[in-house]
Amino acid sequence: MSLNLPANFRVGLGYDIHKFSNSTGSSGDFPISNFNSSNRVNPPCLWLLGLEWPDYAPLKAHSDGDCAIHALTDAILSAANLGDIGFFMGVDEPDAKNISGKDILIKLNKLLQDKNIELINASVLVICQKPKISERRKDAEKVLSEILQAPISVSATTTDGLGEIGQALAVASQSVALIKYI
Ligand SMILES: [Zn+2]
C-alpha cells in the first residue's frame with residue numbers, strides 16, 4: 001500500500017539537557033565569583049526559549065545553555081538532514097563559546113534559506129520543575145517564531161518530582177520540526 005506522502009516534506013527530532021550551575025537553580029544562590037562575566041553581556045541568569053529568566057541560575061554549558069533552542073535546532077537540522085548542532089556550530093569553535101540561543105537560530109535560519117529549505121512548523125517541549133514556563137509561553141513562541149519565520153509552539157511538563165529534573169537540578173527539552181524542500 002502506498003501512502004503517497006509528498007516526497008519533499010521531512011520531520012526531525014531533537015533532544016537536549018543541561019544542568020543548573022548550582023544546586024538550587026536560583027540566581028540569588030549563584031556564586032558570582034565563579035562566573036567569568038566578561039564572556040556575557042548580562043549578569044548570569046538562566047536563558048531558556050530565547051528568554052532571560054533573572055530569578056534562575058544559568059544552565060551549565062559552553063554556550064548560553066538554552067537547551068530548548070538546542071533541541072529545536074537539532075530537530076530542524078535533523079529534518080533537513082543537515083547533521084546536528086555539534087556539527088553545525090562546531091563545539092570547539094571559538095565562535096560557539098557563549099553563543100546565545102537566538103544567535104544560533106539566526107545562523108540556522110540563514111542556512112535554511114541558503115539550502116532552499118522552508119521550515120513549516122516546529123514544536124518545543126520543555127521538561128523541568130522550574131522555571132514555570134506557562135506564564136511566558138506566548139512570549140517564547142513570539143521570539144522563536146519571529147526569528148525562524150514559522151509557527152513555533154511551546155509546551156512544558158514536569159517529571160512529577162522524579163530524577164534530577166524533578167529535583168530542579170536540570171532542564172531538558174524535546175522538539176519536533178517539519179520542513180519542506182522548496
Ligand atoms: Zn545544549
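**A mixed sheet and its nonpolar core**

In this predicted model, 4 strands form an open sheet with mixed pairing. Their order is β1-β6-β4-β5. Strands β1 (9–19) and β5 (152–157) lie at the edges, and each pairs on one side only. Neighbouring strands of the sheet are turned against each other by 15 degrees on average, direction ignored.

Strands β4 and β6 were examined as a pair. Strand β4 covers residues 117–127, and strand β6 covers residues 170–181. The two run antiparallel and are joined by 10 bridges. Within β6, Leu178 stands opposite Asn121.

Two helices meet this sheet. Helix α1 (residues 67–79) lies across β1, β4 and β6. Its direction makes about 155 degrees with β1. Helix α4 (residues 137–148) also packs on the sheet, where it touches β4 and β5. The angle between the directions of α4 and β5 is about 145 degrees.

The largest nonpolar core holds 44 residues. Ala68, Leu72, Ile76, Ala122 and Val126 touch the most other members of this core. Several elements each supply at least two residues: β2 (46–48), α1, α2 (85–89), α3 (101–114), β4, α4, β5 and β6. Helix α1 gives the largest share, with 9 residues.

Leu72 illustrates the contacts in more detail. Leaving aside residues up to four places away in sequence, Leu72 touches Gly14, Ala122, Val124, Leu144 and Ser175. One of these partners, Ala122, is also among the core residues that touch the most other members.

Key
Residues are numbered from 1 along each chain as its sequence is written. This is a predicted model: local features need pLDDT of at least 70, side-chain atom pairs count only at pLDDT 80 or more; totals for chains, interfaces and linings use all residues. Two strands pair if DSSP finds at least two bridges between them. Axes are lines fitted to C-alpha atoms, for helices over the stretch in contact, and angles run from 0 to 180 degrees between N-to-C directions. Two residues are in contact if their C-beta atoms, placed from the backbone, lie within 7 Å. A nonpolar core is a set of buried Ala, Val, Leu, Ile, Met, Phe, Trp, Tyr and Cys residues joined through C-beta atoms within 7 Å. A residue is buried if 20 or more other C-beta atoms lie within 10 Å of its own, exposed if 12 or fewer, and partly exposed in between; C-beta atoms are placed from the backbone.
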